[in-house]
Structure formats: C-alpha cells, structure tokens
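Welcome to my notebook. I have jotted down what I looked up, entry by entry, so that you can follow along.

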Number of protein chains: 2
Amino acid sequence: MKIETRQEEIIRVAAKLFKEKGYSAVTMRDLAKAMGIKAASLYNHIKSKQDILKTIIISLAEEFTEGMLQIQASNENCIGKLNRIIELHVKISNQNIYGMASLNNDWMHLEEKLEYYQQLRDDYENDFRKILETGIASGEIINIKPEVMMFSILTTLRSLYLWIPKKEDINLDELSHSLSQILIKGINK
Amino acid sequence: MKIETRQEEIIRVAAKLFKEKGYSAVTMRDLAKAMGIKAASLYNHIKSKQDILKTIIISLAEEFTEGMLQIQASNENCIGKLNRIIELHVKISNQNIYGMASLNNDWMHLEEKLEYYQQLRDDYENDFRKILETGIASGEIINIKPEVMMFSILTTLRSLYLWIPKKEDINLDELSHSLSQILIKGINK
DNA sequence: TAAAAAAACTAACACTTGTTAGTTTCCATG
DNA sequence: CATGGAAACTAACAAGTGTTAGTTTTTTTA
C-alpha cells in the first residue's frame with residue numbers, strides 16, 4: 001500500500017467535509033481544523049480551495065470515462081455492457097465515497113474546468129444512451145424511451161455514494177448483482 | 001389563480017437560485033439582484049436567509065408526508081401503492097422543480113428544523129420499506145433485500161427534479177407510466 | 001551534526017457575508 | 001389632496017472569507 005502524501009491527505013479530508021456540507025459551506029479554516037493545523041499551512045501543500053475541488057472531481061470523471069471506453073470496446077451484448085456499467089459505478093463509488101458526493105453535487109463550482117467536466121459527462125451519457133438504443137434496436141431490451149430508462153438507471157448508480165456507507169458489511173459483488181436484477185430485469189424482455 | 005405575494009415571489013426566486021448553486025453559494029445580494037432590489041429590502045418581506053430555506057424544505061417534506069399517509073390508508077395492494085408513490089413524486093416534483101433541489105441537496109443547512117426534517121424523512125422511508133416488506137411477504141414482489149429495492153426506486157424518484165425540466169413536452173401521466181414500468185416490472189414476480 | 005528542505009506558525013490583507021438602523025419614496029384610501 | 005403604511009433606499013456593522021508574506025519549527029539529507 002502506497003503511503004499517502006500530505007497533499008493527498010488534505011484532499012481526502014476535504015472530500016469528506018465537502019460530502020457533509022457541500023463545497024461552498026466548507027471553509028479553509030474548517031479544513032485546517034480537521035487536519036489539525038492552521039489554515040495558512042494548507043497552502044504549503046495545495047494551490048487553492050478551487051484546486052482541491054478540481055482534483056477530486058476531474059480525477060473521478062476521467063475514471064468513469066476510461067471505464068466507459070473499455071466497456072464500449074468490449075464485445076459483450078447490451079445487457080452485458082449494462083452489467084459492466086453497474087459494476088463500474090459500484091467499484092468507483094465504493095473506493096471514493098466522499099469524492100462521489102462532490103462529483104454529484106459540487107460540479108457547478110468548478111471554474112476553469114467546468115466545461116471540460118460537462119463534456120466528459122455529456123460524452124458518458126451519450127455512450128450510455130447509445131448502448132440502450134442498440135439494445136432496443138436488436139430487441140434485447142424493451143422499447144421504452146431510452147431517456148427515461150437511462151435517467152432511472154443512472155440516477156440510481158450516481159446515488160450509490162449515499163447508500164453504500166449505511167451498509168456496514170457490504171459485499172460489492174452481491175450489491176452489483178442485486179442492482180443488476182432490479183435495474184435490468186425491468187427492462188429485459 | 002391566486003396572486004403571488006412579494007414574500008412568495010422571493011421564496012420562489014430563491015429556490016431557483018438555490019437549485020443552480022446551492023444554498024450556501026447564494027448570497028442575499030444575489031437574491032436581491034434577481035429580484036431587482038437591494039439586499040436590505042428583502043428584509044421587509046422575509047425574516048432571514050435561513051427562514052427561506054426552512055419554508056421551502058419543510059412545506060415540501062410535509063407534502064410528501066401527507067401523500068404517504070393517504071397511500072397507506074388506501075386499500076390498494078402493494079404494487080398499487082407503489083404506483084401511487086410514483087405518481088406522488090411525479091406530481092410534487094413537477095409542481096416544485098426548484099424546491100426539490102433544496103430538499104435533496106440543502107437539508108443539512110436547516111438549523112432549528114433539521115431534526116424535524118430528519119424525522120419526517122425517516123418516517124417516510126420506514127413507511128415505504130413497510131410497503132415493500134408486505135409485498136415480499138405476500139409474494140407480490142420478488143424477494144430481494146428491501147433496502148436495495150427502496151434505495152433504487154427512491155433515488156430515482158428523488159432525482160426527478162433534475163430530469164423533468166429537460167423534457168419540454170412533458171406528459172405527467174405518461175412519465176408516471178414509464179417509470180412504473182421500469183421501476184416495478186423489475187421487481188414484479 | 002550541520003545544512004537544506006519541508007511544513008508548521010503568526011499576522012494581516014482585501015473582500016464578502018447576513019443583517020440592522022434610519023430614511024425616503026411610492027401608492028392606495030379617506 | 002392629505003396621510004399612513006408598505007416597500008424601497010443608503011450606510012454601516014461585526015464577523016467570516018480565501019489567500020499571502022514573512023518567520024519559526026521540525027524533519028530529512030549529506
């Protein structure tokens with residue numbers, strides 16, 4: 001296990017605070033107190049508050065993008081791809097509970113990187129939609145508006161960060177499987 | 001149609017701003033500018049910023065509570081009750097897109113009313129879970145952990161406020177029906 | 001152990017925050 | 001037209017904001 005740098009520790013603690021109160025409501029003095037130092041000392045390790053948010057969100061967004069690229073490139077059928085998307089969300093959410101909160105709730109406070117983030121998100125949703133449309137065309141899944149279907153599945157997956165922490169003894173494979181059953185069986189002909 | 005008081009107008013405009021940036025990131029000067037007046041003038045109509053948030057969130061939470069009570073009291077079966085819950089969320093979300101954002105994202109900034117809000121939410125979720133458990137016991141729905149089931153359905157319904165505004169020509173009955181098909185067919189034996 | 005580098009500190013800055021006090025303007029009612 | 005109340009205004013407050021400068025302490029390296 002690689003040892004955590006002070007900078008990484010600050011970012012991890014910041015993500016935790018951001019989850020509880022949101023980016024705007026967390027002050028640099030709050031963050032410093034949680035680190036056991038003074039606010040000014042944070043700046044030996046990080047560039048700015050904004051930069052912390054950017055680091056948290058962009059790294060996660062890129063992780064999702066990469067996962068989607070791999071799923072697209074695989075030669076599974078539509079349902080198989082959907083199952084792999086579920087696994088992707090379960091895995092990333094479980095590894096980064098706090099960061100997922102920022103990704104979901106504080107992306108609008110990105111400044112220079114806002115457009116880039118939105119591009120990644122739009123691309124991700126378009127790829128997702130395309131998988132559903134392919135499945136509809138091939139008769140693999142039922143013919144309901146793909147928009148509603150994607151909305152339903154994606155909002156569930158995007159909220160995993162809220163729910164995973166409540167289950168003390170979480171089995172990720174079991175969770176993926178339950179979600180698959182709930183989310184897919186409903187659209188599987 | 002009842003005419004809107006200035007106070008109601010301020011709360012409506014505030015909810016819109018809260019949706020875009022979150023409660024903490026919206027200043028009273030932002031709100032005043034959106035109203036076309038100076039910040040100090042707001043205080044002729046409202047008690048405090050905190051009070052605006054409280055009004056938005058608590059009225060909505062109570063609306064959900066009331067809806068759930070009626071559904072509970074009805075003598076429909078489990079699936080029927082779930083369908084009525086879906087309709088309840090679609091209806092309230094559509095009538096109060098902006099307020100739903102605060103309910104979902106800014107409840108932690110409630111101060112005196114935080115505990116009361118949490119009680120309403122917990123009660124709502126317990127009632128929801130009980131409906132699912134009854135359905136499982138009677139064999140009406142599949143035997144998957146009700147926690148996962150409730151999480152999946154409820155997060156979808158709670159995110160409707162994000163999605164409804166994107167559809168220009170929204171037909172509420174059709175939306176409820178599509179959601180019912182997606183959310184229920186997956187758990188209907 | 002001395003020197004260098006890393007990481008903490010104090011003090012302060014310029015600006016923004018929610019809110020209050022006191023005053024002026026607008027407008028419907030007598 | 002006079003008047004009283006509603007609703008706007010200006011000015012200011014005390015506290016809190018992110019961040020910088022300069023200094024001291026701690027840790028690592030040679």
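**Entry 1: where the chains meet**

I started with the two protein chains and found 25 residues of chain B in contact with 26 residues of chain A, where contact means that the C-beta atoms, placed from the backbone, lie within 7 Å. On the chain B side, the elements that give two or more residues are helix H8 (146-158) and helix H10 (172-185). I took helices as DSSP runs of H or I with at least four residues, numbered from the N terminus. By class, this side of chain B has 11 nonpolar, 11 polar and three charged residues. Here Ala, Val, Leu, Ile, Met, Phe, Trp, Tyr, Cys and Pro count as nonpolar, Asp, Glu, Lys and Arg as charged, and the others, Gly among them, as polar.

A note on the source: this is a predicted model, where local features need pLDDT of at least 70 and side-chain atom pairs count only at pLDDT 80 or more, while totals for chains, interfaces and linings use all residues. Residues are numbered from 1 along each chain as its sequence is written, and chains are lettered from A and ligands numbered from 1 in the order in which they are written.

**Entry 2: how the copies are related**

I laid chain B on chain A and got an RMSD of 0.0 Å, with a turn of 180 degrees and a shift of 0.0 Å along the axis. The two copies are thus related as by a two-fold rotation axis.

**Entry 3: a helix pair in chain B**

Next I looked at H1 (residues 6-21) and H2 (residues 28-35) of chain B, which pack at about 120 degrees with their axes 10 Å apart. The axes are lines fitted to C-alpha atoms over the stretch in contact, and angles run from 0 to 180 degrees between N-to-C directions. Which residues of H1(B) and H2(B) meet? I found Ile10(B), Val13(B), Ala14(B) and Leu17(B) against Asp30(B), Leu31(B), Ala34(B) and Met35(B). The contact of H1(B) with H2(B) has seven nonpolar, no polar and one charged residues.

**Entry 4: DNA strand C**

I counted 16 residues around DNA strand C, the closest being Lys38(A), Ala40(A), Thr27(B), Ala40(B) and Ser48(B); near means a C-beta atom, placed from the backbone, within 6 Å. The surface near DNA strand C divides into six nonpolar, six polar and four charged residues.

Terms used
Copies are superposed by least squares on the C-alpha atoms of residues with pLDDT of at least 70 in both.
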